[in-house]
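Reader: I would like to go through this model feature by feature. Please give the general idea each time, then the case at hand.

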Amino acid sequence: MPDWIHPVLTGAFLAVSYRVVRRSGVGLRAAVLVLAVLNAGLLWVVAAAGPPWGVPVVAVVSLAAAVYHLFGAARDGVARIRAVGPTEFRALVRQVAEASGPQVMGVCVLVTGSVALTALADDSRPEGRRFQLLPGPECPFCLVEEQIRDFLGPSDPLLDEYRTHLTAGSSRHLLVRRPSEQEPWTGRLRDRSVYRVPPAARRPPCTVHDPLLGRG
């Protein structure tokens with residue numbers, strides 16, 4: 001077997017693997033872990049059995065494939081986001097609330113001041129894509145708390161928990177769900193360190209949240 005066959009087959013296999021993992025729908029962390037382990041193992045094989053030039057060539061091919069698919073995943077993500085106004089935002093939330101289960105909805109204030117809405121999809125509802133309410137005159141945190149009250153009740157403890165995280169500078173992702181329309185909604189706050197409260201310049205004044213966030 002010629003010595004160049006190992007790096008060629010390894011580079012081709014890695015390039016295909018990036019595409020398979022990207023299309024599989026696994027999360028970013030899982031994808032990075034899988035591909036890091038795969039790269040380490042295959043580069044070791046090439047170093048042991050291939051020519052001296054094999055490792056740098058395969059590494060360059062792997063890096064190029066990673067950059068290509070990273071940009072592709074970013075483009076796919078942006079394509080699924082649709083900007084909506086407050087009226088359409090609330091109409092989408094009502095569709096989620098009135099739909100038969102199982103149902104899951106997520107709402108989060110992004111660091112840009114926008115409000116992101118995501119939900120599970122089926123053939124009859126518009127969820128499954130991301131909708132984004134751009135910054136405007138309404139307080140984005142009030143919109144999230146509106147969903148807590150509407151889905152979970154006006155005195156649900158998740159409201160105080162959400163405000164506690166806001167005070168610490170963390171804009172948590174609210175997830176509400178129910179297994180079927182006969183069962184009650186339940187909620188939790190998703191912990192992600194990258195969800196930060198938008199700066200004051202990116203959110204409108206609010207008599208409720210400005211004191212919590214150090215403005216007003």
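Reader: How many aromatic pairs does the structure hold?

Author: First, the ground rules: this is a predicted model, in which local features need pLDDT of at least 70, side-chain atom pairs count only at pLDDT 80 or more, and totals for chains, interfaces and linings use all residues. Residues are numbered from 1 along each chain as its sequence is written, and side-chain values use heavy atoms, with hydrogens and water left out. Rings of Phe, Tyr and Trp (its six-membered ring) pair if their centres lie within 6.5 Å; planes under 30 degrees apart are stacked, over 60 edge-to-face, and the rest tilted. The structure holds 1 aromatic pair. In this edge-to-face pair, F151 and W185 are 4.8 Å apart centre to centre, with 85° between the planes.

Reader: Which parts does the pair of F151 and W185 tie together?

Author: Helices (H or I, at least four residues) and strands (E, at least two) are DSSP runs, numbered from the N terminus. F151 belongs to helix α5 (residues 140–152) and W185 to the loop between β5 (173–178) and β6 (186–190), so the pair ties together parts 34 residues apart in sequence.

Reader: Is F151 buried or exposed?

Author: Buried means under 20% relative accessible area, exposed over 50%, and partly exposed in between (1.4 Å probe, protein chains only). F151 is buried, because its relative accessibility is 9%. W185, at 14%, is buried as well.

Reader: Which strands pair with β3?

Author: Two strands pair if DSSP finds at least two bridges between them. Strand β2 (residues 103–109) pairs with β3 in the antiparallel sense over 5 bridges, and β3 pairs with strand β4 (residues 130–133), also antiparallel, over 3 bridges. A116 in β3 stands opposite C108 and opposite Q132 in β4. The hairpin of β2 and β3 has 5 residues between the strands, and there G113 takes a positive phi near 95°. Of the 5 residues of β3 (residues 115–119), 4 are buried, so the strand is largely enclosed by the rest of the structure.

Reader: How many residues has the largest nonpolar core?

Author: In soluble globular proteins, nonpolar side chains tend to be buried together. A nonpolar core is a set of buried Ala, Val, Leu, Ile, Met, Phe, Trp, Tyr and Cys residues joined through side-chain atoms within 4.5 Å. The largest here has 31 residues, and F89, M105, L117, F141 and Y162 have the most contacts inside it. The largest share of this core, 6 residues, comes from α5. Apart from it lies another core of 5 residues, among them Y18, V21, A31 and A65.
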